[in-house]
Amino acid sequence: MPLEEPSPYEILGVPPTASAREILLAVGPATKSGRHTRQQVQEAAALLRNPDKRLELDLQQPLPPEPVDRAAGLLAPALADPLLVVERPQPPPAASFLALHRAELAADFAEPAPPGTAPEPPVPARFAADLSVLPQIEVPE
């Protein structure tokens, strides 16, 4: 099974420059060839007779590539030197990494209590900050 459907030009066997008369004359031989169903042939002919749909189809078809003489010679200077060279440094060995636990990190950055004062007791869970302390937000409609 083909990956894409044949174009109306292929179904009717006409070139993209075919006139309305050539399209009309191609319907009979395309139907008799049996390569496509009668409905496919009729739809292809109807599409190619409609100027708007035919223009849309022609714009969607890719153009064949134009031959370029001496392309390799023209591209040789650009391909000789790479535009961007990325040098990636080797990562340090795993043994050089330091592992810290969250408790150790928190202890390093904790603010000490002022001298001569007792440390503050922990805040009970029912008074801890949560989303209920945020102000009301008005959402525009």
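Is Phe-109 buried or exposed, and with what relative accessible area? Phe-109 is exposed, with a relative accessible area of 67%. Exposed means over 50%, buried under 20% and partly exposed in between, with a 1.4 Å probe and protein chains only.

## Model and overall fold

This is a predicted model, in which local features need pLDDT of at least 70, side-chain atom pairs count only at pLDDT 80 or more, and totals for chains, interfaces and linings use all residues. Residues are numbered from 1 along each chain as its sequence is written, and side-chain values use heavy atoms, with hydrogens and water left out.

The protein has six helices and zero strands. From the N terminus, the order of elements is α-α-α-α-α-α. Helices (H or I, at least four residues) and strands (E, at least two) are DSSP runs, numbered from the N terminus. Of the 141 residues in the protein, 13% are buried.

## The largest pocket

The largest pocket has a volume of about 230 Å³. Its lining consists of Glu-5, Pro-6, Ser-7, Pro-8, Ile-11, Gln-40, Glu-43, Ala-44 and Leu-47. Two elements give two or more residues to this lining: helix H1 (8–12) and helix H3 (38–49). H3 gives the most, with four residues. By type, the lining holds five nonpolar, two polar and two charged residues. Here Ala, Val, Leu, Ile, Met, Phe, Trp, Tyr, Cys and Pro count as nonpolar, Asp, Glu, Lys and Arg as charged, and the others, Gly among them, as polar.

A pocket is an open set of points on a 1 Å grid over the protein atoms alone, where a 1.4 Å probe fits, with protein on both sides within 12 Å along at least five of seven lines; lining residues have an atom within 4 Å of a point. Points are joined across faces, edges and corners, and the volume is the space filled by probe spheres set on them.

## The nonpolar surface patch

Phe-109 lies in helix H6 (residues 102–109). Together with Leu-98, Leu-100 and Leu-105, Phe-109 makes a nonpolar surface patch of about 490 Å². Patch residues have over 30% relative accessible area and no salt bridge, and nonpolar side chains (Val, Leu, Ile, Met, Phe, Trp, Tyr) are joined within 5 Å. A salt bridge is a side-chain nitrogen of Lys or Arg within 4 Å of a carboxyl oxygen of Asp or Glu. Areas come from the Shrake-Rupley method with a 1.4 Å probe.

## Pairs across the sequence

Ala-18 sits in the loop between H1 and H2. Ala-18 is buried, at 4% relative accessible area. Ala-18 and Leu-48 are 30 residues apart in sequence and 9.1 Å apart in space, C-alpha to C-alpha.

Pro-29 is in helix H2 (residues 20–33) and is exposed at 53%. Its C-alpha is 8.9 Å from that of Gly-13, 16 residues away in sequence. Gln-42 belongs to helix H3 and is partly exposed at 38%. Gln-42 and Ile-11 are 31 residues apart in sequence, with 9.8 Å between their C-alpha atoms.

Methods
Patches are made of residues with over 30% relative accessible area and no salt bridge: like charges are joined within 9 Å, nonpolar side chains (Val, Leu, Ile, Met, Phe, Trp, Tyr) within 5 Å.
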